[in-house]
Amino acid sequence: MTYEEFNAFCKALPATTYVVQWGGSHVWKVGGKVFAIGGWAEGAPAYTFKTSPLSYEILQEQPGLRPAPYLASRGMKWIQHYAEPGLADDALKDYLRESHRIVSLGLSKKKQRELGLNDA
């Protein structure tokens, strides 16, 4: 997946906003909370996303994936796809979609209603 494809996919998810920060990373938010980051690694494209605790345990052991720098070291369940083989594009999209859902569920019910998320 290229950064252009990553950005197009994240833009298509409901109620998202985009900002470039943290040294030029492509940062996607829902309700003001980060759910995906493109960048943050040397060399090859890297994609960082929030996961469930179970997915985190499974993914951190896969080749090309690792606990996300900075975030995982603070106890958060974030994974970074940073090298091949990593995830196939369809699987990466599924995890990005799930990250969006997990983060949006952490918003207040009022904010979810305002953004038209999760049938709140």
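**A tour of backbone exceptions and aromatic contacts**

Begin by selecting Ala15, which is found in the loop between H1 and E1; helices (H or I, at least four residues) and strands (E, at least two) are DSSP runs numbered from the N terminus. The model is predicted, so local features need pLDDT of at least 70 and side-chain atom pairs count only at pLDDT 80 or more, while totals for chains, interfaces and linings use all residues. Residues are numbered from 1 along each chain as its sequence is written, and side-chain values use heavy atoms, with hydrogens and water left out.

Most residues other than glycine have a negative phi, and most peptide bonds are trans. At Ala15, phi is near 60 degrees, a positive value in a residue other than glycine. Ala15 counts as partly exposed because its relative accessibility is 30%; buried means under 20% relative accessible area, exposed over 50%, and partly exposed in between (1.4 Å probe, protein chains only).

Next, select Tyr70, in the loop between strand E5 (65-67) and E6. Its phi is also positive, near 75 degrees. Then move to Glu84 and Pro85, which are joined by a cis peptide bond with omega about 0 degrees. Pro85 lies in the loop between strand E6 (78-81) and helix H3 (89-105).

Turn now to the rings. A search of the whole structure finds four aromatic pairs. Rings of Phe, Tyr and Trp (its six-membered ring) pair if their centres lie within 6.5 Å; planes under 30 degrees apart count as stacked, over 60 as edge-to-face and the rest as tilted.

Select Phe6 and Tyr47: the ring centres are 5.0 Å apart and the planes stand at 40 degrees, so this pair is tilted. Phe6 belongs to helix H1 (residues 3-12) and Tyr47 to strand E4 (residues 47-50), so that distant parts of the chain, 41 residues apart, are linked. Both Phe6 and Tyr47 are buried.

Continue to Tyr18 and Trp28, a tilted aromatic pair with 4.9 Å centre to centre and 45 degrees between the planes. Tyr18 is in strand E1 (residues 16-21) and Trp28 in strand E2 (residues 25-30), ten residues apart. Tyr18 counts as partly exposed at 38% relative accessibility, whereas Trp28, at 4%, counts as buried.

Finally, select Arg66 and Tyr82. The charged end of Arg66 sits over the ring of Tyr82, 4.0 Å from its centre; the criterion is NZ of Lys or CZ of Arg within 6 Å of the ring centre and within 35 degrees of the ring normal.
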